[in-house]
Amino acid sequence: MSTPEGFNERVAAWSEDELGVTGRVLDVVTAPATVLSSDGAVVDPTAPEIVQLAADLVATMRVSPGCVGLAAPQVGEGVKVFCVDVSQHPKTRTHHGTYVLCNAEVVESSRNEKAREGCMSVPDLTGDVKRASRILVRGQLPGTGEWVEIRTDAFEARCLQHEMDHCNGYLFLDRVAGAHAIYQRQTYL
Ligand SMILES: [Zn+2]
């Protein structure tokens, strides 16, 4: 694992054990559920229901093969909370392990790159999406509510943008260049 400038040791050391609650595996909603196209609400990351939601998102991600991130709208909650873990993905360069961010936003971004994306809420399709391959993201950890900044690249940067999109009411289908950039999924993980 590389540790470039801006690597956040606090986030890398975070695990869902900090939340102190047991995560439940939730059902994942699929398009065209309205919650997937609605702007999520800003949350209080210290609220007990948000702490539970954070644990639930991680638990649901962990039981879903190939899942590298999951956002609250995907389990039917219209709020700005998501989890990621790209540590096992072959396209990952920098990564911070498993973590959950609340109220996250992009502070800086650069270097657009196009790559294929899929989503548990759009199970039958994939698409080519252009996204920044270097980003600085700011958000709050659930439980403590502390603000953290994460500078990352490559696949983790893409995954963060995909999950933040969910929290703002967008799917990767909203980001493709057109119908020519959408594909039937060939394999199911
Ligand atoms: Zn998704």
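The legends below describe close-up views of a predicted model. Residues are numbered from 1 along each chain as its sequence is written. In this predicted model, local features need pLDDT of at least 70 and side-chain atom pairs count only at pLDDT 80 or more, while totals for chains, interfaces and linings use all residues.

**View 1**
Helices (H or I, at least four residues) and strands (E, at least two) are DSSP runs, numbered from the N terminus. Along the sequence the elements follow the pattern α-α-β-β-β-β-β-α-β. The C-alpha atoms fill a box of roughly 45 × 35 × 25 Å, taken along the principal axes. A compact globule of 189 residues would have a radius of gyration near 16 Å, and the protein agrees with this at 15 Å; the radius is taken over C-alpha atoms, and the globule rule is 2.2 Å times the number of residues to the power 0.38. Of the 189 residues, 41% count as buried. Here a residue is buried if 20 or more other C-beta atoms lie within 10 Å of its own, exposed if 12 or fewer, and partly exposed in between, with C-beta atoms placed from the backbone. Two residues are in contact if their C-beta atoms, placed from the backbone, lie within 7 Å. Among contacts with a separation of 6 or more, 72% join residues 24 or more positions apart.

**View 2. The UniProt "binding site" residues Cys119, His162 and His166.**
The three positions come from an unreviewed UniProt entry, which lists them as "binding site". They span 48 residues in sequence, yet no two of their C-alpha atoms are more than 10.3 Å apart, so they gather at one spot. UniProt positions are given in the numbering used here, feature names are shortened, and annotations may be inferred rather than shown by experiment. His162 is buried, with 23 other C-beta atoms within 10 Å; His166 is buried with 24 C-beta neighbours inside 10 Å. Not counting residues up to four places away in sequence, His162 touches Gly69, Glu117 and Phe172. With the same exclusion, the contacts of His166 are Ala71, Pro73, Gln74 and Phe82.

**View 3. Helix H3 and the residue Gly169 that follows.**
Of the 14 residues of H3, 13 are buried, and the helix is mostly covered. At 1.5 Å a residue, H3 should span 20 Å, and its end C-alpha atoms agree with this at 21 Å apart. The expected span of a helix is 1.5 Å times one less than its number of residues. Gly169, after H3, has a positive phi, near 90°.

**View 4. The largest nonpolar core, of 37 residues.**
A nonpolar core is a set of buried Ala, Val, Leu, Ile, Met, Phe, Trp, Tyr and Cys residues joined through C-beta atoms within 7 Å. Ala54, Leu57, Val81, Phe82, Cys83 and Val100 touch the most other members. Two or more residues each come from helix H2 (48-62), strand E1 (69-71), strand E2 (81-84), strand E3 (99-119), strand E4 (122-140) and H3. H2 gives the largest share, 8 residues. Leaving aside neighbours within four places in sequence, Ala54 is in contact with Leu19, Val81, Cys83, Val100 and Pro142. Another core, of 6 residues, lies apart from this one and includes Leu36, Val129, Leu171 and Val176.

**View 5. Helix H2 and what covers its buried residues.**
The 15 residues of H2 should span 21 Å at 1.5 Å a residue, and the end C-alpha atoms are 21 Å apart, which agrees. Among the buried residues of H2 are Ile50, Leu53, Ala54, Asp56, Thr60 and Met61. The cover over the buried residues includes E1, E2 and E3.

**View 6. Strand E2 and its pairing with E1 and E3.**
Two strands pair if DSSP finds at least two bridges between them. E1 and E2 run antiparallel and are joined by 3 bridges, with Leu70 opposite Cys83 in E2. E2 and E3 are also antiparallel, paired over 4 bridges, with Val81 opposite Cys102 in E3. Both faces of E2 are covered: Val81 and Cys83 are buried on one side, Phe82 and Val84 on the other.

**View 7. Asp44 in the loop between helix H1 (9-13) and H2.**
Asp44 counts as partly exposed, with 13 C-beta neighbours inside 10 Å. Val58 is 14 residues from Asp44 along the chain, and their C-alpha atoms are separated by 18 Å.
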